[in-house]
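Good morning, colleagues. Please bring the sequence and the structure up on your screens, and I shall then take you through a few of its features.

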Amino acid sequence: MSTVAHEHDHHHAPTGLKRWIFSTNHKDIGTLYLIFSLMMFFIGGAMAMIIRAELFQPGLQFVDPQFYNSMVTVHALIMIFGAVMPAGVGLANWMIPLMIGAPDMALPRMNNMSFWILPFGFALLISTLFMNGGGPAGGWTMYPPLVLQLGDAFPFLIFTVHILGVSSIMGAINIIATVFNMRAPGMTLMKMPLFVWTWVITAFLLIASLPVLAGAVTMLLTDKYFGTSFFNAAGGGDPVLFQHIFWFFGHPEVYILALPAFGIVSTIIPTFARKPLFGYASMVYATASIAILSFFVWAHHMFTVGMPIKGELFFMYATMLIAVPTGVKVFNWMATMWRGAMTFEAPMLFSIAFVILFTIGGFSGLMLGITPVDFQYHDTYFVVAHFHYVLLTGAVFSLMAAAYYWLPKWTGYMYDEKLAKIHFWLSTIAANVLFFPQHFLGLAGMPRRIPDYNIVFADFNMISSIGGFAYGISQLLFVYIVIKCALGGKKAKAQAWEGAKGLEWTVPSPAPFHTFETPPKLTKSMLEN
Amino acid sequence: MASKQRGVKKTTTILFVVTILMFGFGYAMVPLYDAFCQITGLNGKTQRVTEGAGEASPLIDREVRILFDSNVNGDLPWRLKPSLKSLKVQPGKFYDATYTVTNMANVPVVGQAIPSVSPQVASLYFKKSECFCFVNQVLEPGETKDMLVRFEVDQDLPKDVGALTLSYTFFRAKGDNS
């Protein structure tokens, strides 16, 4: 019976380009997401290289200030919406059905659509760079009135944000529908792998916050073309209102980028420490409380706009409060490693680096969260250093860890461990050379989003740029390792890692096109967290 | 399997509704923010009163200095100047102040003024009975006009506020293309 079903599927599986365009298979769509995000990572990275080249020395060298500013803006939009978020959704697509024993995502057609509108969104965004008046250059936060001065690119920017929002919301709905309805019998919510938990919570954040962003940019659009005055002071509106609405989305967005990273690291560390995750339940509750708190701290991004002292205090204390569940997580990761039989394969190296470097980013975040101190740090390179520690050495490092961890499952081959370790060390050293000096630049008062700077900042900027180029080049090694792994190598076992737990390791490597068409029987040991 | 399908349908429907509600919440933040500003004085938005309404309480012996400030936004070809730099007032009494505005362009221009008071906490106690703000003002080429603002400072103004600034900014009115 099962062989008949098997042949039947193969008969209908489209091949070539059609396989990818019309795919409703969670593994294929996951692969598409991951490849797309890697491409975006390099496009956004190329923009970062332009930025660092311009900042290599004081004065204007390579690009004019307008173009520099649009590089800063588009780099941010591409890295956030094009690289980190789709990579997370790609991992969710690939792994969640495998982890909960489901045959596919709950809404496979919507899954296809939510991926395929992404390339169009980014085509719109990148096309703005060639338009009359240049690309968006007022920062990714799109503050009015500055953003309203944008030329022909303005409506394209707005529609890009709409498209990316629609895509992410559809992805989020799909993930929640899958996890709530498609789990294998016996897999209760508190038995789910932590990666699934963090993604469910992330999906709720997406659904609650992205529509608000869509509303905010729609207001910008009607302000510019349809005579409304939401943010126009001349018509009785208030530009500061935009900042409130934007950051009501913007702060949860930060955790949309970070929570899946927590899930990845919580999966990898137990595998290579060969111990169950310490404090599973507290991890779930910590993730949920971070998510809930993230809706009550938005104004710490705008302490300097002028707020009543009580407001500033409220947002300061609420921000400090987030350090508590985050601290619980860091503690649990360390306790998991404590007296574990640890080995240091590339995924583990990236995960440990994540724990250390994300914590550094967290601490600089705490510094920024202190209202009076923020008045000095606001809009300086200190902020740039902070969010790159949490997003690059945090989120991106965890994605690298995830890629190495699951590559054997995806391709059926082990990647080249030696090269991966070289990639890890190059990335880690380069990223710190790149971003650590930016703390000093910020404390000394160098403003962000400026193509030129005072000569006193020259040395640290040169060091930072050298780190930047080194980081950029070393990521090419990652592409080489991935391609090499996809083409062949040592065969991976079903359980590619000795200490790995979870349903995804019970299916062969590479994972067959269809898995868990009949729900798996869960044994007790599979459900241990 | 059928129950699974039903479950998926139900979850999806609920989540779509939540999405639409959250889109609406973005818009709901506009009136919420206005109400919030009204209550807290955030943004320096000034208060309106009708003169003679309410009981007049006996004047207290206190002096507050009002500083007058003026700005013209963007490319509006106007000049705006307060007739006085500052004025000492007694809380609870009404005073007049004038701003002189001139159109420097050779075409008629429509502008609109927005007031603001700082420190923010004082804006709750700064009350205008007459003002030239929030309405379109048309100035012919080269025309000069005096604009009146009549105001009082509430007696409950916190003790630590000894001076406050009244600032007007003229914007080009929406839809003015001159």
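I begin with a definition: two strands pair if DSSP finds at least two bridges between them. Helices (H or I, at least four residues) and strands (E, at least two) are DSSP runs, numbered from the N terminus. This is a predicted model, in which local features need pLDDT of at least 70 and side-chain atom pairs count only at pLDDT 80 or more, while totals for chains, interfaces and linings use all residues. Residues are numbered from 1 along each chain as its sequence is written, and chains are lettered from A and ligands numbered from 1 in the order in which they are written.

Let us turn to chain B. Its 5 strands form an open sheet, in the order E1-E7-E9-E5-E3, with mixed pairing. At the edges are strand E1 (47-48) and strand E3 (78-82) of chain B, each of which pairs on one side only. Within the sheet, strand E7 (residues 126-130) and strand E9 (residues 144-153) of chain B pair in the antiparallel sense over 4 bridges. Which residue in E9(B) is the bridge partner of Glu130(B)? The partner is Arg150(B).

I move now to chain A and its helix H7 (residues 194-225). The expected span of a helix is 1.5 Å times one less than its number of residues. For the 32 residues of H7(A) that gives 46 Å, and the end C-alpha atoms are 46 Å apart, so the two agree. Just after H7(A), Gly227(A) has a positive phi of about 75°.

Is H7(A) mostly covered or uncovered? Of its 32 residues, 28 are buried, a residue being buried if 20 or more other C-beta atoms, placed from the backbone, lie within 10 Å of its own. Ala203(A) lies in this helix, and it counts as buried because it has 27 C-beta neighbours inside 10 Å. Leaving aside neighbours within four places in sequence, Ala203(A) is in contact (C-beta atoms, placed from the backbone, within 7 Å) with Ala172(A), Ile175(A) and Ile176(A).

Finally, the two chains meet: 33 residues of chain A are in contact with 29 residues of chain B. To the side of chain A that touches chain B, H7(A) gives the most, with 7 residues.

Terms used:
A residue is buried if 20 or more other C-beta atoms lie within 10 Å of its own, exposed if 12 or fewer, and partly exposed in between; C-beta atoms are placed from the backbone.
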